[in-house]
Amino acid sequence: MDRTDTPDTWDERATLLTFHDYARATVVEKCKGLSDEDARRAPLATSPLMTISGLVNHLRWNEHYWFEVMFLGGEDRGPWTDEDPDAEFTVALGRSLAEVVAEYEAQCQKVRGLIEGVSLDERSKGVDSRGGHLTLRWVIGHMTEETSRHNGHLDILRELIDGATGA
């Protein structure tokens with residue numbers, strides 16, 4: 001993923017997708033140079049699920065859920081269950097950070113292909129909590145917000161783990 005927040009063109013679609021890709025690339029950047037052991041650490045005593053590996057995996061599965069399931073109406077293949085609704089945070093702990101990041105990047109690439117050429121005004125197959133059909137524009141905006149919010153968490157975790165700041 002290229003890491004730039006400046007689109008090649010200034011239309012709405014290019015701007016939305018560039019900001020989303022920038023947030024995605026920042027996730028990957030935050031993981032560079034981190035050991036598997038450190039990526040599994042939960043340095044916040046009150047947040048045992050808050051690990052770098054868990055957050056990256058959470059974002060991977062959110063890309064799947066919002067674009068493939070909610071927007072396109074596909075099958076939900078996420079690891080969560082009624083008994084373990086946060087499983088995406090914990091299943092990543094048994095895998096290397098490189099695997100988790102590669103799966104995240106692959107999911108992002110898959111989503112790019114799935115929405116290529118789809119109108120921003122296209123409505124979702126799935127419905128939100130109020131029974132409404134969301135636009136692709138909203139889903140992209142929501143996932144940019146979700147990813148950016150978790151980038152803030154990654155910032156904090158990374159600084160607590162090894163003192164690294166920036167990116």
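**Loop, core and cavity features of the predicted model**

D121 is placed in the loop between α5 and β1, where helices (H or I, at least four residues) and strands (E, at least two) are DSSP runs numbered from the N terminus. The structure is a predicted model, for which local features need pLDDT of at least 70 and side-chain atom pairs count only at pLDDT 80 or more, whereas totals for chains, interfaces and linings use all residues. Residues are numbered from 1 along each chain as its sequence is written, and side-chain values use heavy atoms, with hydrogens and water left out.

With residues up to four places away in sequence not counted, D121 touches T135 and R137, contact being defined as heavy atoms within 4.5 Å. Between D121 and W61, the C-alpha to C-alpha separation is 24 Å, and the two are 60 residues apart in sequence. R137 itself lies in helix α6. Apart from its neighbours within four places in sequence, R137 is in contact with E12, L16, L120 and D121. R137 counts as partly exposed, at 27% relative accessibility; in this classification, buried means under 20% relative accessible area, exposed over 50%, and partly exposed in between (1.4 Å probe, protein chains only).

The strands β1 (residues 123–127) and β2 (residues 133–135) run antiparallel and are joined by two bridges; strands are taken to pair if DSSP finds at least two bridges between them. V127 stands opposite H133 in β2. Five residues lie between the strands of this hairpin, in which G131 adopts a positive phi near 85°.

The largest nonpolar core contains 20 residues, and I52, V56, L97 and Y104 have the most contacts inside it. Such a core is a set of buried Ala, Val, Leu, Ile, Met, Phe, Trp, Tyr and Cys residues joined through side-chain atoms within 4.5 Å. Two or more residues of this core come from each of α1, α3 (52–71), α5 and α6 (136–162). The element that gives the most is α5, with five residues. A second, separate core comprises 13 residues, including V118, L134, V139 and M143. In soluble globular proteins, nonpolar side chains tend to be buried together. For V56, the contacts beyond four places in sequence are V27, C31, V100, V101 and Y104.

One cavity of 30 Å³ or more was found. A cavity is a set of points, on a 1 Å grid over the protein atoms alone, where a 1.4 Å probe fits but cannot get out, and its lining residues have an atom within 4 Å of a point. The volume of the largest cavity is about 30 Å³, a volume being the space filled by probe spheres set on the points, with grid points joined across faces, edges and corners. Its lining consists of L17, H20, R24, F67, V111, R112, I115 and I140. At least two residues of this lining are supplied by each of α1 (12–31) and α5 (97–115). By residue class, the lining of the largest cavity divides into five nonpolar, one polar and two charged residues; Ala, Val, Leu, Ile, Met, Phe, Trp, Tyr, Cys and Pro count as nonpolar, Asp, Glu, Lys and Arg as charged, and the others, Gly among them, as polar.

Further individual positions were also examined. T26 is found in helix α1 and is buried, with a relative accessible area of 7%. Leaving out neighbours within four places in sequence, the contacts of T26 are R3, N151 and A167. E37, by contrast, lies in helix α2 (residues 36–39) and is exposed, with a relative accessible area of 60%. E37 and E63, 26 residues apart in sequence, are 25 Å apart in space, C-alpha to C-alpha. For R137 and E37, which are 100 residues apart in sequence, the C-alpha to C-alpha distance is 38 Å. D86 occupies the loop between α3 and α4 (87–90) and is partly exposed, at a relative accessible area of 33%.

Notes:
1 Å grid on protein atoms, 1.4 Å probe; cavity = no way out; pocket = protein on both sides within 12 Å on 5 of 7 lines; lining within 4 Å.
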